[in-house]
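Have a look at the model first, and then we'll walk through a few of its parts.

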Amino acid sequence: MTTSELTPPQVKDAAEKSGPAGTGRRRLLGAGKQLHAGPVTYVVLAVFALVSLAPLLWTVIAASRTNQRLAETPPPLWIGGNLFKNLEAAWNEAALGTAMLNSTIVAGTITVGTVLFSTLAGFAFAKLRFRFSSLLLLLTIGTMMIPPQLAVVPLYLWMSELGWSNQLQTVILPTLVSAFGTFFMRQYLVQALPSELIEAARVDGASSLRVVWHVVFPAARPAMAVLGLLTFVMAWNDFLWPIIALNQQNPTVQVALNSLGTGYVPDQAVIMAGALLGTLPLLIAFLLFGRQIVGGIMQGAIKG
């Protein structure tokens, strides 16, 4: 069919498809197609994955060998046969059963408290109007500039006066609220929580508690998941304050692992076995909840 045989609307459509505008239109139509990764992408991702897993792989290898074999050159590059023996030795020497329970209580309580209080404070700074809100937010952010080492001595004296020495609440109480968490949730809720939703809930007669429960928490769920994961990992791996506040009779995992490094010749294989046991709960938690956390992050990114 030639151009002369086309009707005026068909001529216009043909011109749009053949011209520059038609090219842009075809590009827009193809923009929704799924992109496929090439072989170079897979190679780069594989290299990054191997580099990221190298410390964990070496921990497993070292935990499965003897102290004499680790001192030899070249070092072992594959798993040996002493893994379970070293794991049992580390578990018994460091009393990791009690330490695991204490770390679960400490990290879980800190995570719940930090996520809850940071979300409430972030919502207040993001959407509520009250006097000196900017000044209070500035002071909250300013506390992040103070090195935590400066607060160790006064914090220890305060806890001693309360009679909480060598007790888990000594580790839990100072970290129930996080300045970073408050600022993180505030920045997220400014964009993710429309003020119209809050106003509509108020018009419907919802109380402040119902607004927080039915409006704020659902909107903040992706950021709460990310903050919860980061807080749990930091609380589980915290060493400075627990080693000062607790003793070997009531330790967390990191305090208990510190006892494995004592002796004239520390057994590196047992130390690595203890480190592997201390890391396993974090790996299991990520394997169980990693998909939900990543899904929450993607959901928040799409909403944003």
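## Where two helices meet

Which residues in α6 meet which residues in α10? On the α6 side they are S118, T119, A121, G122, F123, F125, A126 and K127, and on the α10 side G181, T182, M185, R186, L189 and V190. Contact here means heavy atoms within 4.5 Å. These contact residues split into seven nonpolar, five polar and two charged (Ala, Val, Leu, Ile, Met, Phe, Trp, Tyr, Cys and Pro count as nonpolar, Asp, Glu, Lys and Arg as charged, and the others, Gly among them, as polar).

As for the geometry, the axes of α6 (residues 96-127) and α10 (residues 179-192) come within 7 Å and cross at roughly 50°.

## About the model

This is a predicted model, where local features need pLDDT of at least 70, side-chain atom pairs count only at pLDDT 80 or more, and totals for chains, interfaces and linings use all residues. Residues are numbered from 1 along each chain as its sequence is written, and side-chain values use heavy atoms, with hydrogens and water left out.

## The whole chain

The chain has 15 helices and zero strands (DSSP runs numbered from the N terminus: helices are H or I with at least four residues, strands E with at least two). Of its 304 residues, 31% are buried, meaning under 20% relative accessible area with a 1.4 Å probe, protein chains only.

Take the contacts between residues at least 6 apart in sequence: 70% of them join residues at least 24 apart.

Terms used: Axes are lines fitted to C-alpha atoms, for helices over the stretch in contact, and angles run from 0 to 180 degrees between N-to-C directions. Buried means under 20% relative accessible area, exposed over 50%, partly exposed in between (1.4 Å probe, protein chains only).
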